[in-house]
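Me: Please take a close look at the part where the two chains meet, and describe it in one connected account.

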Protein chains: 2
Amino acid sequence: LPRTEKSKGRSENDLSSRELILRAVGELMAEQQSVDVSLSEVGKKSGLNPALVNYYFGSKSRMMMELVLEAIGPSVKRLDELLEMDIPAEEKIELHVKAIVSTFFDYPFVNRLLHRVSRTDQGQFAKELADEIVTPMHKAQRQIIQQGVREGKFRDVNPMFFFFIVTGACDAIFHSRYALRHTFGRKTISKKLMSEYTNEIVEMVLNGISA
Amino acid sequence: LPRTEKSKGRSENDLSSRELILRAVGELMAEQQSVDVSLSEVGKKSGLNPALVNYYFGSKSRMMMELVLEAIGPSVKRLDELLEMDIPAEEKIELHVKAIVSTFFDYPFVNRLLHRVSRTDQGQFAKELADEIVTPMHKAQRQIIQQGVREGKFRDVNPMFFFFIVTGACDAIFHSRYALRHTFGRKTISKKLMSEYTNEIVEMVLNGISA
């Protein structure tokens, strides 16, 4: 094969191996309900040599970081579209809360992983996570709150507190599986449960910050 | 020394060594902002032989379990007093939220530890934690909500959702230290910040579930 075609082929394989690894890690975390997955498990699940983790990511913690960014990144990018929409602030809050809960539903391990990664490598990733995920969310939320205040619908709530209360509420049902199972008798989070939980958060938050 | 006095003496020493170990673990977790403490660190910090952990607790995970129960237990017991008080449901919610945030403030590692312990030992502790902490909280919250509904103040909010939203909100600022530091520029949670955050949760929750 000519050199260019060969490198093209390899580059496509590279991409898909990288993706295969990340997908395997995500699936393992979902299955085991734990972010403690070993490289040998990742190798088995993906059918690839565990050494490829270092080849593609440099380290296991960087691999977990990439997984977080891939899971949450698209939602963070869609925040700009949300801000541009010509709808009342109340509807923006509703869409925003639904997007957060959907992300945790689709990637149940993401928030736990996010906290884990933020504490590893002497906080090397903490700033990156804040810059890539938290700060854009905070800025978007602040804008939506300001819009709601201008529309006479919201009180002038502290956006930092808003961020922690809303994201903490969205995360809690996913984070406290043991409580869901043993106190409330629910073994899994169905789409219906997720949807009802989301509606309750939206109602509580919208009433909670109403002017 | 007569036998009784000697055993009395040893039993008091036992008690205080056990307490010294738990205190050392708590302090290490607070200092390192991580629940990953090694037995040798515990030994250094407490001035005791790390082997005493197994002597007193049987295992490291049981020791962490005991630490969670000691930290949260008193607040859970005070729930009965709260329920008995002759005050409106709104005030009970306020006192309850303040108690939760205070516990996280006094023991910043507790919630993280709670989740960690609930996932260790194949869920051996998950049911115990739910029974000892979550179920009593849920029952108390359900009673307070019912009281507020009778008083015409609260809508009939789902107590399970209420539990996750409120505890998730209370926990979030402690849980997301990296966000607090890098997005919001706060290195520590002061008493003032804690108090303002608590007030915002109370306001959002009370408005959020108002009839």
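Reply: In this predicted model, the contact (heavy atoms within 4.5 Å) draws 46 residues from chain B and 46 residues from chain A. Of the interface residues of chain B, 100% are also interface residues in chain A, so the copies meet through the same surface. The buried area, meaning the accessible area (1.4 Å probe) that two parts lose on being put together, summed over both, is about 4,300 Å² between the chains, and carbon and sulfur atoms give 73% of that. On the side of chain B, the residues losing the most area to chain A are B:Phe164, B:Tyr178 and B:Met204, which together account for 18% of what that side buries.

Between the chains there are also four salt bridges, each a side-chain nitrogen of Lys or Arg within 4 Å of a carboxyl oxygen of Asp or Glu; B:Glu203 and A:Arg155 are joined by a salt bridge between their side chains, at 3.6 Å from N to O. The elements of chain B that give two or more residues to this side (helices being DSSP runs of H or I, at least four residues) are H6 (110-119), H7 (126-150), H8 (159-175), H9 (177-182) and H10 (191-208), and the largest share, 11 residues, comes from H8(B).

As for the sources, residues are numbered from 1 along each chain as its sequence is written, and chains are lettered from A in the order in which they are written. Local features need pLDDT of at least 70 and side-chain atom pairs count only at pLDDT 80 or more, whereas totals for chains, interfaces and linings use all residues, and side-chain values use heavy atoms, with hydrogens and water left out.
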